[in-house]
Amino acid sequence: MEVLYKQNALDTLFEIANFVESKNTKGSGYRFIEKVFEFIADYSNPNVQYQLCKYSKFRQKNYSCIFFHDWVIAFKIENETFIVYEIALGTLFK
């Protein structure tokens, strides 16, 4: 299945990577992005129905959610494409 990232999700992902890079060793931000891409690719399976996100902000937009460590990844599947709309820190929703 194809994975598409909306600009908002990519911007957030690169901000996170820059922060990770500033706190860790050189290349750690890039490795973080690779891990997120791998994680999402593993979830982007055809013929799987995901329930709507439990967070009202995302549920109102009919997004489903998966979790990567402390991060919430909000997405929809449309026309055999796994579309990542937003990435947000999960602790912001508690």
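In helix H1 (7–23), the buried residues are Ala9, Leu10, Thr12, Leu13, Ile16, Ala17 and Val20. These residues lie on the same side of H1, because the arc they cover around the axis is only 160 degrees. An α-helix has 3.6 residues a turn, so residues three or four places apart point the same way. On the other side of H1, the exposed residues are Gln7, Glu15, Asn18, Phe19 and Ser22. The structure is a predicted model. In it, H1 comprises 17 residues and spans 25 Å from its first C-alpha to its last, close to the expected 24 Å. The cover over the buried residues of H1 includes strand E1 (2–5), H2, E3 and E4.

The strands form an open sheet of 4 strands in the order E1-E4-E3-E2, and the pairing is mixed. E1 and E2 are the edge strands, each of which pairs on one side only. On average, neighbouring strands of the sheet are turned by 35 degrees against each other, direction ignored. H1 lies across E1, E3 and E4 and runs at about 45 degrees to E4. H2 also packs on the sheet, where it touches E1, E2, E3 and E4, and its direction makes about 135 degrees with that of E2.

E2 and E3 run antiparallel and are joined by 5 bridges. Ser64 has Phe75 of E3 as its bridge partner, and Ile66 stands opposite Ile73 in E3. The hairpin of these two strands has 2 residues between them, and His69 in this hairpin takes a positive phi near 55 degrees. E2 is mostly covered, with 4 of its 5 residues buried.

In soluble globular proteins, nonpolar side chains tend to be buried together. The largest nonpolar core of the model holds 19 residues, of which Phe32, Ile40, Ile66, Ile73, Val84 and Ile87 touch the most other members. Two or more residues of this core come from each of helix H1, helix H2 (28–43), strand E2 (64–68), strand E3 (71–78) and strand E4 (81–89). H1 gives the largest share, 6 residues. Beyond residues up to four places away in sequence, Ile73 touches Phe39, Ile40, Ser64, Cys65, Ile66, Phe68, Val84, Glu86 and Ile87. Another core, of 10 residues, lies apart from the largest one; Cys53, Tyr55, Tyr85 and Ala88 are among its members.

How values were computed:
Residues numbered from 1 in each chain as written. Predicted model: local features only at pLDDT ≥ 70, side-chain atom pairs only at ≥ 80, totals over all residues. Heavy atoms only, no water. Core = buried A, V, L, I, M, F, W, Y, C linked by side-chain atoms within 4.5 Å. Buried < 20%, exposed > 50% of the residue type's maximum accessible area, 1.4 Å probe, protein only. Contact = heavy atoms within 4.5 Å. Expected span 1.5 Å × (residues − 1). Arc of directions from axis to C-beta. Pairing = 2+ DSSP bridges. Axes fitted to C-alpha atoms, helices over the stretch in contact; angles between N-to-C directions.
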